[in-house]
Amino acid sequence: DIDHFKRVNDTLGHEAGDEVLLQFANRIGGAVRSVAGDGVMVARLGGDEFVILVQGTDLRELATQLSTRLVTDLGRPLAVQDRQVFLGASIGVTLFPDDASGATALLKNGDIAMYQAKVAGKNCYRFYSRAMNHAVERRAQLEEELRGAWDRGEMSLVYQPIFSADSGLLAGAEALLRWNHPVLGTVAPSVFIDVAEQSGLIESIGPNVLREACREAAGWPTPAGMPPLFISVNVSPRQLRRGDLVDIVGDCLGQSGLRASQLHLELTETAVIDDELQASSLLARLHGTGVKVWLDDFGTGFSGLSYLKRVPVDGVKIDRSFVVDLPRDPDDLALTTAIISMAHSLGITVVAEGIEKREQYELLRERECDLMQGYWMSYPLTAGEFAALLAQPPRNIAG
């Protein structure tokens, strides 16, 4: 299954989509002939789904070689309408007779494995296993339980404080969604956020999160001698693609009375990279409202200086994977130092997340990182706990 194919049709048109299908088909054929030789059936089922039927003796090894080659070949950029398009493909592999004896069951198993490849991050392959059936059933149950969870009062926001590295004082907080199911208990965000994103439920949950975060932040007092505290809210790729984000943001600000400058929207770097043209237009419109935009998980999408120059953002969040091994890992130290220097040269704020040790804070502060958050400074707090924090004398983490 071609990853992000719908985006090609939506942004470049169906003629470009047809060209992508032709190029993918040619690459599939080339990879199959190179690895498996002749006598292999390649078919397009419909839309952007293809099926490859391979026969042989050591099927698992052959399928591994072919899938690896396909991921490499299909992950290379395509030239479409004088543009480079990065798509990739998710591949599911199932074996006869190990997994099933009938064609229908084999296709179903392949589809399940392909879905797991998408869950794993796309542009990869997965072999079918019987355990996947349980995973699919559990995912379907979670999706059903997730419907209406906000309206039933099962979901709430917690706020993780963000501190100024320079002054050591509280500067704002990130709103984080939590789900406490009456039967399933606490469901990990890494699980239900993915389900919400894949099912499209995030399109109804996201605006509720934004509205509640703005309402809560509008009531926060301004610390003496400090600018008003900001609230940062994560925006999903689906919300970014809908096209009505600017209107939703305007409604939330109007209803809550929160200043636009106090609202920071966090977009994942990969979501912006996937459709840079549309994202740049949307970010420019958001800037027009006075809202700040940060790139989350920065460094994981292989960004460069030229990319930051093209995309209008106010801040970048250094991904926690670059922070966790500081100061021991010299590569991570070099990367974080480069990110800070690169962003500052463009007038962009730098936020470091995942700070769990004082030495990490001190190291990044020396390199002039602007803002910090992490368990060393504070765990996420409920609305009541955050209000209690604001009622206390200002805490200076630098002291």
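**Figure 1. Contact between helices H1 and H2 in the predicted model.** Phe5, Val8, Asn9 and Leu12 of H1 meet His14, Ala16, Gly17, Val20 and Leu21 of H2, where contact means heavy atoms within 4.5 Å. H1 covers residues 5–12, and its packing angle with H2 is about 145°, the axes being 7 Å apart. Axes are lines fitted to C-alpha atoms, for helices over the stretch in contact, and angles run from 0 to 180 degrees between N-to-C directions. Helices (H or I, at least four residues) and strands (E, at least two) are DSSP runs numbered from the N terminus. By class, this contact has six nonpolar, three polar and no charged residues; Ala, Val, Leu, Ile, Met, Phe, Trp, Tyr, Cys and Pro count as nonpolar, Asp, Glu, Lys and Arg as charged, and the others, Gly among them, as polar. The model is predicted, with local features needing pLDDT of at least 70 and side-chain atom pairs counting only at pLDDT 80 or more, while totals for chains, interfaces and linings use all residues. Residues are numbered from 1 along each chain as its sequence is written, and side-chain values use heavy atoms, with hydrogens and water left out.

**Figure 2. Packing of helix H2 with helix H3.** H2 (residues 14–36) and H3 (residues 59–75) pack at about 145°, with axes 9 Å apart. Their crossing is right-handed, that is, the near helix is turned clockwise from the far one by less than a right angle. On the H2 side, the residues in contact include Phe24, Ile28, Ala31 and Val35; on the H3 side they include Leu62, Leu66, Arg69 and Asp73. The class count for H2 with H3 is ten nonpolar, two polar and three charged residues.

**Figure 3. Packing of helix H7 with helix H9.** The axes of H7 (residues 202–218) and H9 (residues 245–256) are 9 Å apart, at an angle of about 30°. H7 is therefore roughly parallel to H9, a term for angles under 35 degrees. The crossing of H7 and H9 is right-handed. Pro207, Leu210, Arg211, Cys214, Arg215 and Ala218 of H7 meet Ile248, Val249, Cys252, Leu253, Gln255 and Ser256 of H9. Eight nonpolar, two polar and two charged residues make up this contact of H7 with H9.

**Figure 4. The largest nonpolar core, around Leu146, Ile231 and Leu263.** A nonpolar core is a set of buried Ala, Val, Leu, Ile, Met, Phe, Trp, Tyr and Cys residues joined through side-chain atoms within 4.5 Å, buried meaning under 20% relative accessible area with a 1.4 Å probe, protein chains only. Among the 78 residues of this core, Leu146, Ile231 and Leu263 touch the most other members. H7 gives the most to this core, with seven residues. Leu263 touches residues including Leu210, Cys214, Ile231, Val249 and Leu253, not counting residues up to four places away in sequence. A second, separate core of 28 residues includes Phe24, Ala31, Val71 and Leu87.

Figure 5. Pro97 sits in the loop between strand E5 (91–93) and helix H4 (103–119).

**Figure 6. Positive phi at Gln81 and Asn123.** Gln81, not a glycine, has a positive phi of about 50° and lies in the loop between strands E3 (78–80) and E4 (83–85). Asn123 is in the loop between H4 and strand E6 (125–127) and is partly exposed at 31%.

Definitions and conventions. Parallel < 35°, antiparallel > 145°, perpendicular 65-115°, else oblique. Buried < 20%, exposed > 50% of the residue type's maximum accessible area, 1.4 Å probe, protein only.
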